[in-house]
Amino acid sequence: MNKITNLFNIRYPIVQGGMIWCSGWELTAAVSNAGGLGLIGSGSMYPDILRQHIQKCKAATDKPFGVNVPLLYPQTDEHIKIIIEEGVKIVFTSAGNPKKYTSYLKENGITVVHVVANVKFAKKCEEAGVDAIVAEGFEAGGHNGFEETTTMALIPQVRKAINVPLIAAGGIGSGRTMLAAFARGAKGVQIGSRFVASAESSAHPDFKKAVVEAGDGDTKLTLKKLVPVRLIKNEFFNRINNAETKGATREELMEMLGKGRAKLGMFEGDLKEGELEIGQVSGLINDIKPAAKIIKEIMDEFFKTKDEFSKMYL
């Protein structure tokens, strides 16, 4: 047991990322049943859909699970209300100011964690009263920080600046990388991309296949004038990247982006015109497995590698 497993009352210090279009109730329940902490990704859900996913997850597991709430969407107030009404006890917030909801959530008996990409906001999270912090590095898929600080550089800086438990995210998908994050000061890890390529993920099968086939260098951070996002390179990415290179304005980029690109790519499987959000660790993902098997393999490798290192200088 450590600070993260104690905080969430889970067996392993592994949190499944609450990814839009990929993290429905089936993945959430599977991860929680396997000893990790599953998170429903509410960012792609209308309020009534979120309620359905929470209710289905409660029926599928008696283990702790949570909801990830990106604060940049207009339905956030409704999502928070539903989470409280349905008795969810863990909320991860991201992409916004944690001050707005942290006290309210904690008053309702909810454990609150916020995701950051730099030391400044980690300090603000602690001041806001969060129970733990996720520090997410440049390697991560989806929306990312402007600083482009790598996970291995970010974790020790955040660890030095805060006192609450720290969870590392970005580029972590194996036991070895989990151990590396622990060595840098984390007490737990949040894993997204590896769980996209799981049997229970709600991602489209063609998107899962694209993740498995991706190699090193096949993802890149783009849309930096809007909100940086890491994508697999495809026809849509190339158009956006060329427009940015030629100095396109925010307005022009927003028009090109339009609506529903993430759903088109990750949920509907359009590999040419959709946003294919995934992390750099995709280059190490070679198959699609049940979430429980992914967690077992990560933990087995974690302990094996830990033992190897403990004997290295004997």
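**Close-up 1. The right-handed crossing of helices H3 and H4 in the predicted model**. Helix H3, formed by residues 47–60, and helix H4, formed by residues 76–85, cross in a right-handed sense, and they pack at an angle of about 25° with their axes 10 Å apart. An angle under 35 degrees counts as roughly parallel, and H3 is therefore roughly parallel to H4. On the H3 side the contact is made by Pro47, Leu50, Arg51 and Ile54, which meet Glu78, His79, Ile82, Ile83 and Glu85 of H4. Sorted by class, the residues in this contact of H3 with H4 are five nonpolar, one polar and three charged.

**Close-up 2. The buried side of helix H4 and the elements that cover it**. Thr76, His79, Ile80, Ile82 and Ile83 are the residues shown as buried in H4. Because these residues cover an arc of only 165° around the axis, they lie on the same side of H4. The cover over the buried residues of H4 includes helix H3, strand S3 (65–70), strand S4 (90–94) and helix H5 (99–107). Just after H4, the chain reaches Gly87, whose phi is positive at about 75°.

**Close-up 3. The packing of helix H2 against helix H3**. Helix H2, which spans residues 25–33, packs against H3 at an angle of about 30°, and the axes of H2 and H3 are 9 Å apart. The crossing of H2 and H3 is right-handed. From H2, the residues Trp25, Thr28, Ala29 and Asn33 meet His53, Lys56, Cys57 and Ala60 of H3. By class, the contact of H2 with H3 comprises four nonpolar, three polar and one charged residues.

**Close-up 4. Asn9, a residue other than glycine with a positive phi**. Most residues other than glycine have a negative phi. In Asn9, by contrast, phi is positive, with a value near 60°. Asn9 is placed in the loop between helix H1 (3–8) and strand S1 (14–16), and this residue counts as exposed because its relative accessibility is 59%, where the cut-off for exposed is over 50%.

**Close-up 5. Glu148, a residue other than glycine with a positive phi**. The phi of Glu148 is positive, with a value near 60°, and the residue is found in the loop between strand S7 (142–143) and helix H7 (151–161). With a relative accessibility of 33%, Glu148 counts as partly exposed.

Technical notes. Residues numbered from 1 in each chain as written. Predicted model: local features only at pLDDT ≥ 70, side-chain atom pairs only at ≥ 80, totals over all residues. Heavy atoms only, no water. Axes fitted to C-alpha atoms, helices over the stretch in contact; angles between N-to-C directions. Helix = DSSP H or I, 4+ residues; strand = E, 2+ residues; numbered from the N terminus. Parallel < 35°, antiparallel > 145°, perpendicular 65-115°, else oblique. Left-handed = near helix turned anticlockwise from the far one by under 90°. Contact = heavy atoms within 4.5 Å. Nonpolar A, V, L, I, M, F, W, Y, C, P; charged D, E, K, R; others polar. Buried < 20%, exposed > 50% of the residue type's maximum accessible area, 1.4 Å probe, protein only. Arc of directions from axis to C-beta.
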